[in-house]
Structures are given as C-alpha cells and as structure tokens.
Amino acid sequence: MGRKKEDEEATKNYTYVRSFANLLSELELLAGQHEVVGERIRKEVVPYVATRAGLHRSQRKQCLADLQTINANLTCAMEHLFKAQKHYGKTFKEAEAAYLKYAKADKNMEISRLDLDKAKNNAQIRRNISEEAKNAYAHALQSANDAQNAHYSQFLPEALTRMRAIDLERINDTKIAMELCIASEADVRPIIARCHEDMRKAVEQIDAVKDTAMVVEQFKTGYLQPPPLQFEDLGRPDSCLTSGKDLSQVDTTLKKGVLSGGRKDGKGVSRKQSMHQKFFGGSDRYKDGNGDYGQLPPQQRIRRLQAKVADLEKEKEKCQQSKEGLIRMKQVYTNNPKMGNAADCETQLCQYEKELSLSTNK
C-alpha cells in the first residue's frame with residue numbers, strides 16, 4: 001500500500017495529470033454556473049410565463065365567447081328574416097290563388113251570388129294576411145340589416161381589436177421572457193469565459209518533454225552497463241569417453257544438463273541471465289539489500305532516500321521552531337510569573353532537545 005501511495009503521489013507530478021485535474025475543477029465550476037442559470041430561470045422566468053399565460057388564456061377565452069355571442073345574434077336576426085320572407089312568400093301565393101279563384105268564379109255564370117261573395121271575401125282576407133306578412137318581412141329585413149351593419153361595423157371590429165391587443169400583449173410577454181433568459185445567461189458569461197480561459201491555460205501547461213523526463217527519472221535503475229559476454233568453449237564432445245569416467249555417471253550428468261568437464265573451474269555451465277539483467281545489467285545481490293528501500297535499484301533508492309531526508313529535514317525544522325517558540329514563552333513566564341509557570345516548559349524543552357539530538361544522529 002505504501003508503494004502504491006508513493007506511485008500515486010509521483011503520478012500527480014506529471015503535467016498532464018495536473019492539467020486534467022485542473023480541467024475537471026474548472027468543469028465543475030462551469031457546471032455550477034449552468035446550475036445558477038437554471039435556478040434563476042426556474043425562479044424568475046417560469047412563474048412569470050405561467051402567470052401571464054394564464055391571464056392571456058382567460059382573456060382569449062372571454063374574447064372568443066364574445067365573438068360567439070355576436071355571431072349568434074347575427075345568425076338569429078338572419079334566421080328571423082328568412083322565416084318572415086318565407087311566410088310572406090307563402091301568404092302572397094295564397095292571396096294570389098284566392099284572387100285567381102275569385103276571378104274564375106266571377107266569370108262563371110252558373111255560380112251563385114253567395115259563393116261569389118265568399119270567394120271575394122276570401123281573396124280580401126288573403127290579401128290582408130299577405131300585407132301583414134309583408135310588413136313583418138319588411139320589419140325583419142330592417143332588423144337584419146341593422147344587426148348586420150352593427151355586426152360588421154362595430155361588434156366584430158371591436159372583438160378583433162381586443163383579440164389583436166391580447167396577441168400583442170402575449171408577444172411582448174414572450175419577448176420579456178426571452179430577454180430574462182438571455183439576461184440570466186449574460187450575467188454568468190464573464191465567469192464562464194474565465195473558466196474557459198483557465199481550462200485553456202491548464203491545457204497549455206502540459207509539457208510532454210518534462211513528463212517523459214520524469215518517467216525516465218522515476219524508473220532509472222542506475223545499474224552500470226554489463227560487460228561483453230565471453231565465449232565459453234566446452235571442449236570436444238568425445239572427451240567424455242576418454243576421460244576415464246564411468247559411462248553411467250556420464251549418463252546421469254547428461255540428464256541433469258550440466259557437464260563438469262566443460263569448465264576449467266569444475267562448476268559447469270553458468271546460469272542463464274534474466275531478461276532485466278540482459279537489458280539493464282545488475283545481479284541478484286540487490287535483491288536482498290540492507291537498509292531502507294534495499295530492494296530498489298540504486299538510482300531509485302537514491303531518489304527515495306533523498307525524499308526521506310527532505311521529510312526529516314522538514315520535521316527537524318518544525319521541531320526547532322517549536323523549541324524556539326517554547327523558549328520565548330519560558331522567557332515571558334520568567335519575566336512575568338503572573339502569566340504562567342516557567343518550570344512547566346522545561347519538560348517540553350527536554351523532549352524537543354531529545355528529538356533534535358535523535359534527528360541529528362540520524
């Protein structure tokens with residue numbers, strides 16, 4: 001866990017990691033500004049739009065009801081006119097038929113005087129009824145013309161004017177709502193622009209050369225270049241037959257994969273080097289090193305030890321500052337015993353001196 005934490009701390013030193021972290025921070029601020037815009041629209045624009053929309057809806061509904069009323073009045077007047085006209089036409093035809101019947105009866109010499117008088121009276125009655133229907137038709141016509149004139153010259157223009165006024169007010173309210181939305185965006189535009197500028201600066205701070213150099217510095221081993229590989233001559237293969245050894249012993253040696261006769265020192269064929277040792281050199285003597293970070297390559301061990309020394313120096317400096325502050329406090333208590341007991345500082349001073357001596361020995 002400690003090694004992983006150290007690697008994470010080292011990763012934070014890369015410029016692209018820091019830039020990405022700064023970019024995310026600015027992105028969070030940018031999202032906060034959009035949230036401010038949304039909250040302002042919710043508190044200011046939405047209630048305004050809801051209130052004005054309800055008012056316009058009720059006004060439009062009332063105006064449409066008025067239009068329906070004046071249209072109904074005109075329709076009623078026209079229907080009354082059509083009925084009066086129809087009744088007048090019917091009575092006129094009946095009166096005309098009565099007069100034709102009377103004229104026919106007057107020419108008939110065989111009809112009695114009584115029937116002729118009846119036909120004449122009937123024609124006169126039908127004529128009177130027709131005249132009354134005619135007068136009613138004329139009155140209905142005048143009423144219909146008056147209603148039509150009032151409808152198209154007064155009532156309908158007034159209703160359309162009210163509709164236009166409502167529409168104008170609705171459009172103006174829509175304009176105001178849009179302006180409020182734009183104002184909410186415009187008020188945070190400088191902050192958003194500053195966030196974008198900071199994001200751009202964070203991206204410009206990425207230094208690929210520096211990051212790659214840090215990778216090299218972090219993983220540099222410090223091993224020396226390995227010496228050239230020497231050719232190892234194992235001798236002649238048939239020497240195992242002339243060396244005077246038992247053949248069964250030679251067979252066992254072959255199964256183990258080691259020939260002692262091929263090396264002058266009698267140690268057999270040397271062990272194969274690892275891939276890391278082939279490329280970077282070094283040997284197993286660093287595997288079980290002593291002290292802190294003994295398992296690391298030399299260069300990495302130096303870097304870790306230098307970091308540890310720097311931490312110890314900081315702790316020493318902090319302890320020294322605390323000691324100096326305590327000495328000043330002791331001096332104040334000595335000069336003015338009312339403020340405190342100077343003897344109480346001795347124990348802590350001894351502790352600081354002990355820690356400083358230990359850090360110096362380290």
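A residue is termed buried when its relative accessible area is under 20%, exposed when that area is over 50%, and partly exposed in between. Because its relative accessible area is 10%, Asp173 counts as buried. The model discussed here is predicted.

Helix 2 spans residues 15-107 and contains 93 residues. From its first C-alpha to its last, helix 2 reaches 129 Å, close to the 138 Å expected at 1.5 Å a residue. Helix 2 also has a kink of about 35°, and this kink is centred on Arg42. Arg42 belongs, together with Glu39 and Lys43, to a network of salt bridges.

The largest nonpolar core is made up of 7 residues, namely Leu81, Ala84, Tyr88, Ala133, Tyr137, Ala140 and Ala144. Two or more residues of this core come from each of helix 2 and helix 3 (113-187). The most is given by helix 3, which supplies 4 residues.

**Salt bridges**

The count of salt bridges comes to 10.

| Salt bridge | N to O distance |
|---|---|
| Arg52 and Asp173 | 2.8 Å |
| Glu94 and Arg126 | 3.2 Å |
| Glu197 and Arg200 | 2.6 Å |

The buried Asp173 is joined by its side chain to Arg52. This pair links distant parts of the chain, as Arg52 lies in helix 2 and Asp173 in helix 3, 121 residues apart.

Glu94 and Arg126 likewise form a salt bridge. Glu94 is in helix 2 and Arg126 in helix 3, so this pair ties together parts that are 32 residues apart in sequence. Glu94 is partly exposed, at 30% relative accessibility, and Arg126 is partly exposed at 29%.

An α-helix has 3.6 residues a turn, so residues three or four places apart point the same way. Glu197 has a relative accessible area of 34% and is partly exposed; Arg200 is partly exposed at 43%.

**A nonpolar patch on the surface**

Tyr16, Val203 and Ile206 form a nonpolar surface patch, and their accessible area together is about 270 Å². Ile206 is partly exposed, with a relative accessible area of 41%.

Terms used:
Residues are numbered from 1 along each chain as its sequence is written. This is a predicted model: local features need pLDDT of at least 70, side-chain atom pairs count only at pLDDT 80 or more; totals for chains, interfaces and linings use all residues. Side-chain values use heavy atoms; hydrogens and water are left out. Patches are made of residues with over 30% relative accessible area and no salt bridge: like charges are joined within 9 Å, nonpolar side chains (Val, Leu, Ile, Met, Phe, Trp, Tyr) within 5 Å. Accessible areas come from the Shrake-Rupley method with a 1.4 Å probe; for residues, only the protein chains shown count as cover. A salt bridge is a side-chain nitrogen of Lys or Arg within 4 Å of a carboxyl oxygen of Asp or Glu. Buried means under 20% relative accessible area, exposed over 50%, partly exposed in between (1.4 Å probe, protein chains only). The expected span of a helix is 1.5 Å times one less than its number of residues. The bend at a residue is the angle between axes fitted to the seven residues ending there and the seven starting there. A nonpolar core is a set of buried Ala, Val, Leu, Ile, Met, Phe, Trp, Tyr and Cys residues joined through side-chain atoms within 4.5 Å.
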